[in-house]
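Have the sequence and the 3D view open while reading this briefing. The points below are grouped by topic and can be checked one at a time.

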Amino acid sequence: MSMSISAIQKIAIPEAINAAPKAQETNAFRSALDGAVQQLGNSSAAAEQSVQQFLSGSAEDLHSTALTVQRAELEFELALQVRNKVVQAYQEIMRMQV
């Protein structure tokens, strides 16, 4: 009772997996991240300016000031949750055994 065992063939890995990320893709991610951080800063500055205008008696009413502040607060909370998820994913990857 003899069985022949065939040789294990090398599995072809697509080049997309082997290739390191291109500088163009890295720059695109960096610019998207910079844009998001810039937007967060602009939103915070707009909320602060809106509060200052309301306190100084300028044309803005309380309703639009409250909406601007709430929007900035929600954007900050979203950014914080995204950061937490990224850190959690990184920690999970680092726990993996190779």
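Y90 is exposed, because its relative accessible area is 52% and the cut-off for exposed is over 50%. Y90 sits in helix 3. The model is a predicted one.

**Surface patch**

- Y90 belongs to a nonpolar patch on the surface, together with I93, M94 and M96.
- The accessible area of these four residues together is about 480 Å².

**Overall make-up**

- The protein contains 3 helices and 0 strands.
- Along the sequence, the pattern reads α-α-α.
- Of the 98 residues in the protein, 5% are buried.
- The protein has an accessible surface of about 9,100 Å².
- Carbon and sulfur atoms account for 61% of that accessible surface.

**Salt bridges**

- Side chains of opposite charge can pair when their charged atoms come close.
- How many salt bridges are counted in this model? The count comes to 2.
- One of the salt bridges joins the side chains of E75 and R71, with 3.3 Å from N to O.
- E75 and R71 are separated by about one helical turn, because they stand 4 residues apart in helix 3.
- R71 counts as exposed, because its relative accessibility is 57% and exposed means over 50%.
- The side chains of E92 and R95 also meet in a salt bridge, at 3.2 Å from N to O.
- E92 and R95 both lie in helix 3, where they are 3 residues apart, about one turn of the helix.
- Are E92 and R95 exposed or partly exposed? E92 is partly exposed, with a relative accessibility of 43%, whereas R95 is exposed, with 56%.

**A buried alanine**

- A47 is found in helix 2.
- Is A47 buried or exposed? A47 counts as buried, because its relative accessibility is 8% and buried means under 20%.
- A47 and A72 are 25 residues apart along the chain, and their C-alpha atoms are separated by 6.4 Å.

**The largest pocket**

- Rolling a probe the size of a water molecule over the atoms shows where empty space is left.
- The largest pocket holds about 360 Å³ of space.
- Which elements give two or more residues to the lining of the largest pocket? They are helix 2, covering 23–56, and helix 3, covering 62–95.
- Helix 3 supplies the largest share of this lining, with 7 residues.
- In total, 13 residues line the largest pocket.
- Which lining residues lie nearest the centre of the largest pocket? They are L33, A36, V37, A79 and V82.
- Sorted by class, the lining of the largest pocket has 10 nonpolar residues, 1 polar residue and 2 charged residues.

Methods: Residues are numbered from 1 along each chain as its sequence is written. This is a predicted model: local features need pLDDT of at least 70, side-chain atom pairs count only at pLDDT 80 or more; totals for chains, interfaces and linings use all residues. Side-chain values use heavy atoms; hydrogens and water are left out. On a 1 Å grid over the protein atoms alone, a cavity is a set of points where a 1.4 Å probe fits but cannot get out, and a pocket is an open set with protein on both sides within 12 Å along at least five of seven lines; lining residues have an atom within 4 Å of a point. Grid points are joined across faces, edges and corners, and a volume is the space filled by probe spheres set on the points. Ala, Val, Leu, Ile, Met, Phe, Trp, Tyr, Cys and Pro count as nonpolar, Asp, Glu, Lys and Arg as charged, and the others, Gly among them, as polar. Buried means under 20% relative accessible area, exposed over 50%, partly exposed in between (1.4 Å probe, protein chains only). Accessible areas come from the Shrake-Rupley method with a 1.4 Å probe; for residues, only the protein chains shown count as cover. Patches are made of residues with over 30% relative accessible area and no salt bridge: like charges are joined within 9 Å, nonpolar side chains (Val, Leu, Ile, Met, Phe, Trp, Tyr) within 5 Å.
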